[in-house]
Structure formats: C-alpha cells, structure tokens
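Trainee: I am new to this structure and would like to learn how to read its features. Could we go through them one by one?

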Amino acid sequence: MNMPPPTIRYTDTNNVLLKSLKKVCDESMTKAVQQAVSVNDCDGNDLSMSCDGTWMRRGFSSLYGVSTVVSIDTERKVEIKMKRSNGKKNHAKSCCKNYHGSSGGMEAAGLKLIFHRSQEKYGVRYVKYLGDGDSSAFKSVFESEPYGSDCPIEKLECVGHVQKRMGSRLLKLTKDMKGKKLEDVVQIATLDAILVYNDGNIGRIRTLQELGFEPGAFTINILQGIDSRRIDSANTALKKIQQEARQRRSLKRKEAEDLQEEQEYGAGDF
C-alpha cells in the first residue's frame with residue numbers, strides 16, 4: 001500500500017501533546033484561582049482549599065503520586081503537583097525523579113510545595129486546609145509555616161472521611177460484640193430514630209449541642225440536604241401511590257360500565 005511503517009515510539013508526539021495540554025491547563029487553573037478570589041468577599045486573597053493526594057497504584061509501592069488542591073468556594077481545581085520516585089538504585093541520569101522517600105509521603109511533599117509557592121505563583125494564601133483527618137500531610141504543611149508564624153494554617157475536618165472512619169469502627173464493634181446484649185445501643189438507636197422521625201435529621205444538631213459540640217455550617221447543610229431529599233422522595237412515592245390508586249379506580253369503573261352495558265344490550269333483550 002506504499003505506507004510508512006507505524007510509529008514505534010510516541011515520545012515526540014507525547015511531548016508535543018504535553019506542552020500544549022500544560023499551557024491550557026495552567027490557564028484554566030489560573031482562572032480558577034481568580035474566580036475563587038472573586039467570590040471570596042470576606043478574606044480576599046486568603047482562600048479555603050480542599051487538599052488530597054492520589055497514587056498510580058494502591059498501597060505504598062507506587063512510583064507516581066499527585067497532590068491536588070481544590071477551591072472549597074468554587075469546587076474548581078487550582079493546583080496540582082506530580083511526584084515521581086524510582087525504586088531502582090541505579091536509574092538513568094535522564095530520569096525525571098523529583099522525590100526521595102516512601103510513596104506514602106508523596107502527598108505531603110507535593111502539598112507542602114503547593115502551599116509554599118502559592119503567593120509567588122498566584123498572589124494568594126491557602127489559609128484553610130480541608131482534608132482527611134488521618135492524613136499526615138496537614139501536619140507537614142502546618143509545621144513548614146508556608147506563610148510565616150503569624151499565619152498558621154487552619155484545619156477543617158472532612159465529613160466524608162469522618163463518616164468513613166466512624167463506619168469502619170462501628171463495623172468492627174458490631175463484629176466484636178456479636179452475640180452480646182447491647183441494650184444501651186438499642187436504646188440509642190431507638191431514641192435517635194424517634195428524633196429523626198419527629199424532627200428530621202436536623203434534630204440531631206441538638207444532640208450534638210447537648211454533648212458539647214457546636215456543629216459547623218457544613219454539618220448543618222448536609223443534614224438539611226438529607227431531610228430535603230427524604231421529603232422529596234416521600235412526596236414522589238406518595239404521588240405514585242395516588243396515581244396508581246386513581247388508575248385502579250378508573251379501571252374498576254370501566255369494568256363496571258362494560259358489564260352494565262353488556263347486561264342492558266345482551267342478546268335477545270330487544
């Protein structure tokens with residue numbers, strides 16, 4: 001067919017794609033920062049960020065890790081930092097390795113660099129850190145004091161991770177206490193169910209306050225959202241039941257009318 005042989009290596013093509021993609025992505029993240037600043041009426045250039053990390057593979061043997069920060073106000077990603085390690089001692093000089101240490105520390109190393117360069121890169125400070133409670137990344141960022149000792153980083157707890165840890169511990173407790181009488185747990189579950197039935201999930205706020213905890217805006221919004229979805233679901237189910245009931249009544253009337261018509265106009269009646 002007089003065609004050239006297929007490409008064996010895609011390095012050149014990937015380099016061209018990477019260069020263009022990096023330019024467009026940097027512009028997108030710059031706009032995301034500007035948008036976060038524009039909606040941040042109270043603190044100006046001091047932003048609240050959700051921070052997390054991911055790896056190429058699960059566990060602590062991955063050679064690649066990515067740290068990301070997302071604006072809490074706009075939910076847009078504003079920065080990333082990739083870390084690459086190499087498990088081999090004698091790796092090539094051209095290797096792009098930029099991290100030394102265990103894979104578990106990649107998230108902390110990447111986030112620390114992101115925080116330290118935020119002022120120079122965007123002219124902003126990431127003063128509030130929303131992340132998983134069991135991560136050592138926050139401790140690393142906090143102790144590095146990216147904005148000096150006069151501006152400590154505030155830690156915000158992620159409700160999702162708290163729920164996950166609580167769920168894991170409850171499952172373990174259920175397994176450990178299998179076959180044992182748990183009268184107090186039954187009472188707790190019963191009373192909580194009554195409270196939710198009467199006042200909705202938002203009623204649990206009073207329980208937390210009674211325990212000495214003052215729920216934040218995120219907790220309140222989540223509970224209100226659960227109640228709203230529960231009400232919407234109940235209304236939808238009620239409408240469906242009413243519709244099915246009307247259809248059954250209509251069908252019965254139709255059958256009764258057909259039967260009456262057959263009786264009135266039966267064969268030999270006239």
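Trainee: How many aromatic pairs does a search of the whole structure find?

Mentor: The model is a predicted one. A pair of aromatic rings is described by the distance of the centres and the angle of the planes. Searching the whole structure gives four aromatic pairs. One of them is formed by Phe-138 and Phe-142, with 5.7 Å from centre to centre and 35° between the planes.

Trainee: What is the arrangement of Phe-138 and Phe-142 called?

Mentor: The pair is tilted. Planes under 30 degrees apart would count as stacked and planes over 60 as edge-to-face, so an angle between those limits is given the remaining name.

Trainee: Where do Phe-138 and Phe-142 sit in helix H3?

Mentor: Helix H3 covers residues 137–144, and the two residues are four apart in it, so about one helical turn separates them. Phe-138 is buried, at 16% relative accessible area, while Phe-142 is partly exposed, at 37%.

Trainee: Which residues form one aromatic cluster with Phe-138 and Phe-142?

Mentor: The cluster also takes in Phe-115, Tyr-126 and Tyr-129.

Trainee: Is strand E4 mostly covered or mostly open?

Mentor: As a general idea, in a regular strand the side chains alternate between the two faces of the sheet. In this case E4 is mostly covered, with five of its seven residues buried.

Trainee: How should I read the length of a helix?

Mentor: Compare the expected span with the distance between the end C-alpha atoms. Helix H1, residues 11–39, has 29 residues and should span 42 Å at 1.5 Å a residue; its end C-alpha atoms are 41 Å apart, which agrees. The buried residues of H1 are Met-29, Ala-32, Val-33 and Ala-36.

Trainee: What does the comparison give for helix H2?

Mentor: Helix H2, residues 106–122, has 17 residues and should span 24 Å, and its end C-alpha atoms are 23 Å apart, which agrees. There is also a kink of about 40° in H2, centred on His-116. The buried residues of H2 include Leu-111, Ile-114, Phe-115 and Tyr-122. Just after H2, Gly-123 takes a positive phi of about 75°.

Trainee: Which residues other than glycine have a positive phi?

Mentor: Glu-75 is one of them, with phi near 60°. Glu-75 is in the loop between strand E2 (64–71) and strand E3 (77–84). With a relative accessibility of 68%, Glu-75 counts as exposed. Glu-145 is not a glycine either, and has a positive phi of about 45°. Glu-145 lies in the loop between H3 and E5 and counts as partly exposed, at 44% relative accessibility.

Trainee: How far apart are Ser-144 and His-116, in sequence and in space?

Mentor: They are 28 residues apart in sequence and 8.7 Å apart in space, taken from C-alpha to C-alpha. Ser-144 is found in helix H3 and is partly exposed, with a relative accessible area of 23%. His-116 is the residue on which the kink in H2 is centred.

Trainee: How many disulfides does the count come to?

Mentor: A disulfide needs two cysteine sulfur atoms within 2.5 Å, and the count comes to zero.

Trainee: How many helices and strands does the protein have, and what is their order?

Mentor: There are seven helices and five strands. From the N terminus on, the elements run α-β-β-β-α-β-α-β-α-α-α-α. Of the 270 residues of the protein, 23% count as buried.

Key
Residues are numbered from 1 along each chain as its sequence is written. This is a predicted model: local features need pLDDT of at least 70, side-chain atom pairs count only at pLDDT 80 or more; totals for chains, interfaces and linings use all residues. Side-chain values use heavy atoms; hydrogens and water are left out. Rings of Phe, Tyr and Trp (its six-membered ring) pair if their centres lie within 6.5 Å; planes under 30 degrees apart count as stacked, over 60 as edge-to-face and the rest as tilted. Buried means under 20% relative accessible area, exposed over 50%, partly exposed in between (1.4 Å probe, protein chains only). The expected span of a helix is 1.5 Å times one less than its number of residues. The bend at a residue is the angle between axes fitted to the seven residues ending there and the seven starting there.
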